[in-house]
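Q: Could you walk me through this structure step by step? I'm new to reading these.

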Amino acid sequence: MVRVHRFAFGSIAALTFASVAVPALAQQGLDEPFQKPFREALAGKTVAYVPVAMNFDLTEGWYAGLKKELEPYGVKFEIRDPNWNTNAGAQAVTSLISEKPAVMVIHNPDVQTYAKLLQRAENEGIYVIQINMGSAYRSSAFVGANWIEIGERQTEGVIKACEGKSNKIAIIQGALSAAASAYTLKGVENVLAKHPEIKVVSSQAADWDAAKAKAITQTVLKQNPDLCGIVGFWDGMDIGTAAAVKEAGLTGKVFLATSGGGERKGACELVKNGSFDLDVSYDVPTQAAQMAGTIKWLLSSGAKPGSVKGSEYTTLIPITKENADSQTACWNLSDLKK
Amino acid sequence: MRETLTRLRYRYWPDHLLGEILSKRWTETAIPVILLLIVGFALSQSLEHFLSPASLADTARQAGEIGFIGLGMGLVVIVGGIDLSVGSMFALTDFCALYLLDVLGWPVPAVIIATMVFGGLLGAVNGILIGYLRLRAFITTLITLIIYRSAFDLLIQRYSNAIASAFPDIPSWNFIGDGNVFGIPSVALVYIAVAIFGHIFLTRLRPGWHITAIGGSRRSAYNSGIPVRRTIALCYVASGVLTSVAGLFFAARLGTVGGDIGVGLEVIVLTATVLGGITLGGGKGSVVKSLVGVLVVLLITNGLTAMNARGGANRMALATILLAAAMIDIRWQKNRTRIISKVYVAPTYHALPPSPSTEIGKGGPFEQNDKLRDVSLIGLGMIEAPEDVILDRNDVLYAGSRHGDIIRFFPPNYERMEVFAHIGGQPLGMAFDRQDNLYVCIGGMGLYRIKPDDFLLRSDRPLRDGRVAGRWAGSTRQRPHHLLRHQDRRHAYRAARAQIPERRRSGQRWAVDIVRGDLRLFGQTLLVRRTEERSRRGRDGQPAGIS
């Protein structure tokens with residue numbers, strides 16, 4: 001009996017000494033089995049980006065955001081820049097379909113032009129992500145603003161500012177059949193239906209061009225010097241609208257509501273200096289991150305393109321004088337590019 | 001090595017064949033076709049999918065659409081005008097087709113016909129203004145460009161959303177837009193058919209000749225009885241119809257009426273037309289040129305977009321290439337005939353043997369003969385016109401001079417000279433006989449003998465007229481008159497005869513009778529000297545000293 005006790009005591013003591021002498025290891029790590037397929041799914045894949053044009057804050061911001069998220073995984077980017085030309089864009093999409101990238105990120109100039117092409121693309125096995133301006137064809141994913149909501153918010157802002165004034169408003173549309181324009185107009189009409197006292201004196205298309213917007217606004221202001229509000233459909237274009245208002249000396253008297261990507265220079269600064277009274281931002285970095293996430297999900301899921309479709313509407317940030325100074329209301333393009 | 005190359009070049013280079021090829025009319029398009037090949041090659045190297053059937057089909061589809069407009073523009077340019085309103089007409093006809101199809105719901109054939117008629121009407125506006133009312137083409141089509149574009153803007157304000165929300169799924173419409181026949185797009189097939197007909201029309205049918213004639217010279221065409229106004233108007237109508245066909249295909253392919261449809265299209269089509277070689281002055285052009293130009297412009301634009309070039313670079317590259325191609329093409333057109341004439345001359349190569357040396361001492365057949373280099377000069381500056389020299393028994397040198405003297409030079413240096421005898425005339429040949437008499441043949445006078453000792457001038461016949469120089473023994477004071485003045489001493493003088501006939505250059509035959517002193521012209525006695533008395537007395541009254 002004593003020999004057993006001594007043997008047990010000795011072994012326990014040996015083990016204790018042995019365990020003290022060895023460094024403290026809790027347990028071995030567990031290899032995550034999902035990383036490898038993910039990396040394999042993303043590495044070497046091509047993402048083709050077809051914006052309406054480059055060289056302005058929205059499209060540059062999306063591109064920078066996508067690159068930041070996807071390039072570390074070995075994703076290759078290609079840009080086809082049609083430079084505001086619808087036909088060239090259609091041509092670019094058509095030639096991309098024959099080149100078969102893994103994903104196409106499409107910014108539609110209008111709801112009709114690329115619709116059939118995108119359908120064809122998904123039939124050929126390319127994931128199509130539509131950003132902000134969608135088409136009549138719903139593809140694998142849509143990431144963008146809810147234009148009808150934007151139109152409603154803008155119009156409500158204008159109507160509130162018009163209380164007690166002349167009740168005349170003007171609408172500066174973008175390109176007529178562009179999603180951003182046509183859907184926003186629907187939102188505007190929704191609200192106007194509830195306010196029959198508001199009169200729309202002008203509703204013209206400026207084709208996203210600031211010079212055209214300025215010319216239209218100048219004419220409208222000359223015809224209706226007592227105009228109380230303008231609903232503009234894009235802040236990049238409404239720089240021209242604001243300039244016309246300023247030239248007529250009516251800054252502050254005419255409520256200019258617009259919408260845009262929310263870049264600091266294009267949105268917050270202009271709200272701060274009074275050019276815009278309301279800028280509904282759809283926050284480009286968030287949209288870019290959402291796109292990147294969708295791409296990662298789609299590529300690693302291996303789903304057949306066209307078999308799964310969904311939408312991601314982004315949250316809107318209305319920028320007014322109250323929050324134009326805050327750090328979170330706007331973003332900087334230079335920060336995004338770093 | 002260089003010689004071998006030169007020989008190979010001149011023997012085997014096919015100058016003649018090249019000249020023949022370059023003389024063909026279709027080589028006028030050489031530069032645009034070369035440009036097309038270069039662009040196509042460059043693109044196929046830099047883009048992997050360029051030559052894939054899908055990509056080629058797509059290029060063909062786009063080329064077909066713009067090609068139709070190019071055909072219309074080419075036609076108008078050949079007739080001497082220009083049509084700047086094609087972009088706006090394209091947009092309007094596109095709208096018309098989609099409006100009829102989507103909003104009004106017409107069947108596809110009706111839409112096609114109605115759109116083409118509408119396009120024809122738009123073109124007819126241009127045609128009437130330019131053809132019949134004879135307004136300037138440039139400004140008129142510029143104005144219609146603005147009018148049509150404004151009409152388009154107003155119309156899409158109203159109807160664009162209605163069109164945009166429609167998604168027509170009619171098989172025939174889809175076939176027009178996206179259909180293939182054996183891989184060739186429907187547009188391309190229709191374009192090829194129309195292009196072949198257009199080529200035959202322009203080159204083989206009378207209306208086509210009329211169009212080219214009007215473009216060449218409107219006034220001459222009018223004078224030839226060609227219905228100028230009607231033809232010009234119909235050309236603009238054709239331009240409208242062809243543009244509407246392009247609009248139809250575009251509407252079927254994309255189904256959109258965006259605000260920027262057709263903006264800048266007229267510039268692209270003009271670029272293609274000029275690039276292809278259809279001169280803006282009119283009168284020259286063909287369907288092939290239009291097609292080549294369209295293809296080049298399209299390939300460059302699409303190629304640059306596909307190579308990820310940013311928007312501005314596209315236009316810049318197109319403009320640069322247009323500039324370069326236009327410059328080279330103008331030079332080619334101007335200098336083509338000169339180049340042909342240079343290429344056509346096909347000399348062959350013949351290697352000459354090395355030329356023999358002419359240097360002294362080498363002993364070649366053409367060696368310079370300098371045997372007389374070191375001779376000493378006799379009588380330099382002292383004697384004039386010595387026609388002959390002779391040496392007598394004592395090595396004294398005798399020579400005649402143009403003053404009629406016989407001058408002699410004495411050995412050993414032949415520096416001392418004296419007048420041996422004065423005869424007159426031009427002493428020509430001289431000879432000595434065994435008795436040392438010097439016989440001199442005097443041009444214009446005869447054969448004289450000078451005895452060595454007495455210096456008296458003799459003749460073998462008595463000369464009885466005043467010409468005789470024998471009166472002057474050793475004297476050079478008096479000179480004879482020459483009755484017969486020989487202007488040309490090169491005539492051979494046969495002095496040993498009484499009559500010395502000669503044939504002049506004019507074919508006259510003169511004869512001088514030395515004995516009688518007559519001058520005869522072929523059968524006719526012109527001049528007769530009765531000189532017995534004169535010769536007895538001499539010219540100045542001195543007694544004659546003739547024997």
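Q: How much of chain B is buried?
A: This is a predicted model, and in it buried residues account for 37% of the 547 residues of chain B.

Q: And how many helices and strands does chain B have?
A: Chain B has 16 helices and 14 strands. Looking at its contacts with a separation of 6 or more, 62% are between residues 24 or more positions apart.

Q: Switching to chain A, what is the order of the strands in the open sheet there?
A: The order is S7-S6-S8-S9-S10-S12 in chain A, six strands in an open sheet whose pairing is mixed. Strand S7 (199–205) and strand S12 (317–319) of chain A are the edge strands, each of them pairing on one side only. On average, neighbouring strands of this sheet are turned by 15° against each other, if direction is ignored.

Q: Which helix packs on that sheet?
A: Helix H8 (residues 210–223) of chain A packs on the sheet, where it touches strand S6 (168–173), S7 and S8 of chain A, and the direction of H8 makes about 165° with that of S6(A).

Q: Let's stay with S6(A): is it mostly covered or open?
A: S6(A) is mostly covered, since six of its six residues are buried.

Q: Which way do its residues point?
A: From S6(A), A:Lys168, A:Ala170 and A:Ile172 point one way, while A:Ile169, A:Ile171 and A:Gln173 point the other way, and all are buried. In a regular strand, side chains alternate between the two faces of the sheet.

Q: What does S6(A) pair with, and in which sense?
A: S6(A) pairs with S7(A) in the parallel sense over six bridges, and four bridges join S6(A) to S8(A), which also run parallel.

Q: How does the chain get from S6(A) to S7(A)?
A: The chain crosses from S6(A) through helix H7 (residues 179–194) of chain A to S7(A), making a β-α-β crossover that is right-handed.

Q: New topic: how many residues does each chain put into the contact between A and B?
A: Chain A puts in 31 residues and chain B 27 residues. On the side of chain A that touches chain B, strand S2 (76–79) and helix H4 (86–99) of chain A each supply at least two residues, and the largest share, nine residues, comes from H4(A).

Q: What kinds of residues are on that side of chain A?
A: The residues of chain A that touch chain B divide into 15 nonpolar, ten polar and six charged.

Q: Last one, which residues touch the most other members in the largest nonpolar core?
A: Those are A:Met104, A:Ile129 and A:Met291, in a core of 191 residues. Helix H12 (residues 228–254) of chain B gives the most to this core, with 18 residues.

Q: What is A:Met104 in contact with?
A: Leaving aside neighbours within four places in sequence, A:Met104 is in contact with A:Ala48, A:Val50, A:Leu96, A:Ala121, A:Ile126 and A:Val128.

Technical notes: Residues are numbered from 1 along each chain as its sequence is written. Chains are lettered from A and ligands numbered from 1 in the order in which they are written. This is a predicted model: local features need pLDDT of at least 70, side-chain atom pairs count only at pLDDT 80 or more; totals for chains, interfaces and linings use all residues. Two strands pair if DSSP finds at least two bridges between them. Axes are lines fitted to C-alpha atoms, for helices over the stretch in contact, and angles run from 0 to 180 degrees between N-to-C directions. Two residues are in contact if their C-beta atoms, placed from the backbone, lie within 7 Å. Ala, Val, Leu, Ile, Met, Phe, Trp, Tyr, Cys and Pro count as nonpolar, Asp, Glu, Lys and Arg as charged, and the others, Gly among them, as polar. A nonpolar core is a set of buried Ala, Val, Leu, Ile, Met, Phe, Trp, Tyr and Cys residues joined through C-beta atoms within 7 Å. A residue is buried if 20 or more other C-beta atoms lie within 10 Å of its own, exposed if 12 or fewer, and partly exposed in between; C-beta atoms are placed from the backbone. A crossover is right-handed if, with the strands pointing away from the viewer, the path from the first strand over the helix to the second runs clockwise.
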